[in-house]
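Hi,

Here is the structure you asked about. Please open it and keep it beside this email while you read.

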Amino acid sequence: MSSVKVKVMSAATTARPRTSHPVLVGELMSSPVVTASPGQTISSAADAMVLAGVGSVVVVGDPGRPLDHRWRVDDRHIPVVDDGTLVGIVSMRDVMKVASIRPAGEAAVDAPRGLKGVVVTDTTIGDVRGTEGFFHYRQYSAVELAEHRTLEDVWTLLFDGTLPDAGGRMTFAAEISTLRDLPMGLDLLVREVAARASGEGPLDGLRTVLSAIAAAEQFQPSYDLDTPSLRQDALRLAAVTPTAVAALHRLSQGLEPIAPRPDLSHAANYLWMIHGEEPTPEVARAIEQYLMLTVDHGFNASTFTARVIASTGADLGAAVVGAIGALSGPLHGGAPSRALNLLEAIGTPAQAPAYIRAAVERGDRIMGFGHAVYKTADPRSTLLRDVAIGLGGDRATFAVQVEQLIVDTLAEVKPGRQLYANVEFYAGVVMEAAGLPPQLFTPTFAVSRVIGWCANILEQATDNRIIRPSARYVGPPPPQPVPAA
Ligand SMILES: CC(C)(COP(=O)(O)OP(=O)(O)OC[C@H]1O[C@@H](n2cnc3c(N)ncnc32)[C@H](O)[C@@H]1OP(=O)(O)O)[C@@H](O)C(=O)NCCC(=O)NCCS
């Protein structure tokens, strides 16, 4: 049998065999071939096609005889001949599917799964250097900022590009303190959302409330806004987020919401609105440091989500709400309470290695360990360990005792993967010591990360291009006739 040669037609095509063995022409071809002669009527040729259930017919001089120059075949089918006799026909559709050939004109680049390591934009907001265990906000070490500055300073840095002096700090603090109140008209909605909250905490409700605030305050598409107006929306949504979280939490506990206090720092005010009492300076500072360390962290899933939505020119509320959805998953922001559950489950340091070994053998992920970018200790975890030790308590002591045991066991059962404690491992310990219940862990993460999302939305809007990648279709080959209803 003669072979059919498939020629890749342009530089824009990509041939990537997906099968482990060479596919033979005979495996792909349809046989016997429906043929027609030049003298045959169209309706009889069509009847033959319907009878055989095929979509094309090869025009030949005399079926079964050596073929002559009158063969005809359309540009989507290739005849297969054996010693001059037509024995089958191969559809280009099937060839393209096997070879994964993309039609010319649809140039595409294959990205690794999950876009891991793919640079999709430029940013001046910050960067994560995974192998160095270092991350920064606009060139300043985030850990040093958390050690020496305030959350309001970092917020100013992210939004406006520079660290404030004393005057700038006061102006910024005064500005955000006027933006913390929930709109009066949404009181009923907030109560309704809180009443329907699941045991998972106020993160779902936060989406609804922030969406309602953006609508009530008529946030306009970012496409139509100048930078100062979009910055104003960003300040408003970031400033009101802790108030919404605290109100939803208190209502779900049968308690009345507490109004924000303009005289307190952002972190202290958050704890005030949760507990109804002023936090000690140590506790307020611990939470402030947690918030500062988690404001922004490269092109993580929720930041990417916010930028994708912002890139369509949608309003800032839409981008933040989408980002909260991305944050809620345990592979992103939903892990700190699971990390505390892990500590509970381990029980004693002596049991840690056996527990971890069994969990990994079951295929479980150890929550609070591993990171998509860090292949060394997560610097956030390192500082939060100190913060947790500073707040004291049995939980912090236990976490410190088992951390290294877990790292060692993971190195044994997952060699070469470089799995260390990530930010979530000590985040839960710190938040618990500050009196925050587990259902507030991820919402508290949202309280800080909303600042980073907004900075990214502002940056996206200043030099926008819609983010619109491609996917490879790997389903059954089209076009498939639509079955009769
Ligand atoms: C954060 C996380 C999703 C990053 O994953 P990643 O860098 O993309 O790594 P991968 O998912 O490709 O995993 C690489 C390998 O390490 C293993 N691994 C990664 N994190 C692990 C963990 N926490 N526990 C056990 N194994 C883990 C994977 O099973 C995989 O093993 P394999 O090569 O045998 O398949 C991952 O480490 C994880 O799921 N951690 C637990 C959840 C968590 O703490 N989330 C908060 C993140 S800040």
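**Around the ligand**

Twenty residues, 20 in number, surround the ligand, and the closest are Ile366, Phe369, Lys414, Arg417 and Asn422. Bear in mind that this is a predicted model. By class, the shell holds 9 nonpolar, 5 polar and 6 charged residues.

Which protein atoms lie close to an oxygen atom of the ligand? One is an N or O atom in the side chain of lysine 414, 2.8 Å from a ligand oxygen. For histidine 371, a backbone N or O atom lies 3.3 Å from an oxygen atom of the ligand. On its own, the ligand has 860 Å² of accessible area, and the protein covers 74% of that.

**Helix H13**

Now go to helix H13, residues 316-327. How far apart are its end C-alpha atoms? They are 17 Å apart. The helix has 12 residues, and at 1.5 Å a residue it should span 16 Å, so the two values agree.

Look at the N-terminal end next. Aspartate 315 caps H13 there. One of its side-chain oxygens lies 2.8 Å from the backbone nitrogen of glycine 317.

Which residues of H13 are buried? They are Leu316, Gly317, Ala319, Val320, Val321, Ala323, Ile324 and Leu327. Their cover includes four helices: H8 (203-216), H9 (227-252), H12 (301-311) and H19 (441-462).

**Serine 141**

Serine 141 sits in strand S7, residues 140-141. Is serine 141 buried or exposed? Its relative accessibility is 16%, so serine 141 counts as buried; the cut-off for buried is under 20%. A polar atom of its side chain lies 3.1 Å from the backbone nitrogen of glutamate 144. Setting aside neighbours within four places in sequence, serine 141 is in contact with Phe134, Phe135 and His136.

**The whole chain**

Of its 485 residues, 42% are buried. Take the contacts with a separation of 6 or more: 71% of them are between residues 24 or more positions apart. The chain exposes about 24500 Å², and carbon and sulfur atoms supply 55% of that area.

Best wishes

Terms used. Residues numbered from 1 in each chain as written. Predicted model: local features only at pLDDT ≥ 70, side-chain atom pairs only at ≥ 80, totals over all residues. Heavy atoms only, no water. Helix = DSSP H or I, 4+ residues; strand = E, 2+ residues; numbered from the N terminus. Expected span 1.5 Å × (residues − 1). Buried < 20%, exposed > 50% of the residue type's maximum accessible area, 1.4 Å probe, protein only. Contact = heavy atoms within 4.5 Å. Polar contact = N/O pair within 3.5 Å; in protein donor to acceptor, adjacent residues only side chain to side chain. Near = heavy atom within 4 Å. Areas by Shrake-Rupley, 256 points an atom, 1.4 Å probe, with all protein chains shown as cover. Nonpolar A, V, L, I, M, F, W, Y, C, P; charged D, E, K, R; others polar.
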